[in-house]
Amino acid sequence: MGAHSGTVDLGDGTLSYEERGRGRPVVFLHAGGMTRAMWDEQFARFARDHRVIRYDARGSGDSSNPPSPPGLYSHYEDLKKLLETLDVEDPVLVGCSFGSRVFLDFAIAYPGRAAGLFLASPGISGMEFHDPYILALLAEQAEAAQAGDGARVLECLLRMWVDGPHRSPADVGPGVRKFCHDMVVENFVKGHAAPDLGVELGAIRRVAEVRDPALVVTGDLDSSDIFAVADLVDRRAAHARRAKVPGAAHMVNLEQPARFDELLRKFLRTC
């Protein structure tokens with residue numbers, strides 16, 4: 001069954017999505033700065049026995065930019081609109097980084113609306129960065145942006161969220177790094193600025209309200225800030241479990257797709 005693509009009217013913007021397959025619904029949301037293309041492999045494989053949906057958040061891919069001047073929009077409400085428009089009931093939500101951040105807010109705002117949360121490399125609303133590696137690169141990125149050095153801004157992003165604190169660029173699979181580079185460039189070419197987080201719920205202070213079954217997945221080469229979020233969700237959310245994937249940093253599904261897919265399939269059988 002071929003993929004179907006479309007758009008969801010948000011009133012003050014649009015979401016672009018693709019869906020494929022039949023069966024239990026699984027919804028994928030990308031990392032910040034990336035696009036729904038990061039799920040190419042999972043989108044194809046899981047569509048064999050599931051209804052899979054992937055979408056670009058506002059400010060990414062083929063979706064519209066956030067309102068300007070910024071309005072009172074939120075990514076978790078955008079997700080609710082997507083699910084309602086496509087008549088999706090009890091989805092399993094699969095996010096990476098920013099995607100996981102959105103899904104945690106959604107789980108707090110709409111408890112029981114999702115059948116499960118598969119949270120890879122999770123961010124969480126209200127988090128702050130403390131890892132010295134990330135802080136140094138954020139400072140360098142800000143300096144580069146001030147100087148109008150787009151290439152250095154992009155390189156800082158790749159070093160933070162593709163290479164990670166424990167590797168040089170040469171240690172990362174060149175195909176993975178180029179794929180992420182190209183997604184970020186695509187966003188720039190389409191006129192998208194840095195990801196806008198919109199209105200959030202401060203989930204870092206409300207993790208105990210997350211009652212949906214959850215699996216929190218991290219690569220062992222990611223930053224200590226991501227480990228801290230994963231440990232918090234594992235510790236405070238009532239039905240959360242934790243899994244670690246060797247040989248991957250932030251982009252777990254791209255670096256270790258076989259292990260990622262194995263974990264997701266097991267999760268789908270248990271929630």
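In helix H5, the residues Leu154, Cys156, Leu157, Leu158, Met160, Trp161, Val162 and Asp163 are buried, where buried stands for under 20% relative accessible area, exposed for over 50% and partly exposed for anything in between (1.4 Å probe, protein chains only). Helices (H or I, at least four residues) and strands (E, at least two) are DSSP runs, numbered from the N terminus. The model is predicted, and local features need pLDDT of at least 70, side-chain atom pairs count only at pLDDT 80 or more, while totals for chains, interfaces and linings use all residues. Residues are numbered from 1 along each chain as its sequence is written, and side-chain values use heavy atoms, with hydrogens and water left out.

H5 has 14 residues and spans 19 Å from its first C-alpha to its last, close to the 20 Å expected at 1.5 Å a residue; the expected span is 1.5 Å times one less than the number of residues. The cover over its buried residues includes helix H4 (132–146), H6, helix H7 (224–236) and helix H8 (252–255). After H5 comes Gly164, with a positive phi near 85 degrees.

A nonpolar core is a set of buried Ala, Val, Leu, Ile, Met, Phe, Trp, Tyr and Cys residues joined through side-chain atoms within 4.5 Å. The largest has 45 residues, of which Met34, Val94, Phe118, Cys180 and Met251 touch the most other members. Helix H5 (residues 150–163) contributes the most to this core, with seven residues. Beyond its neighbours within four places in sequence, Cys180 is in contact (heavy atoms within 4.5 Å) with Met34, Leu158, Val162, Met251 and Leu254. Apart from this core lies another, of 39 residues, including Leu10, Tyr76, Ala107 and Val233.

Two loop residues make a friendly pair to set side by side. Arg58 sits in the loop between strand S4 (50–56) and helix H2 (75–85) and is buried, at a relative accessible area of 4%. Its side chain makes polar contacts (pairs of N or O atoms within 3.5 Å; within protein, one must be able to donate a hydrogen and the other to accept it, and residues adjacent in sequence count only if both atoms are side-chain atoms) with the side chains of Asp12, at 2.9 Å, and Asp78, at 2.7 Å. His166, in the loop between H5 and helix H6 (174–189), counts as exposed at 52% relative accessibility. Leaving aside neighbours within four places in sequence, His166 is in contact with Leu221 and Asp222.
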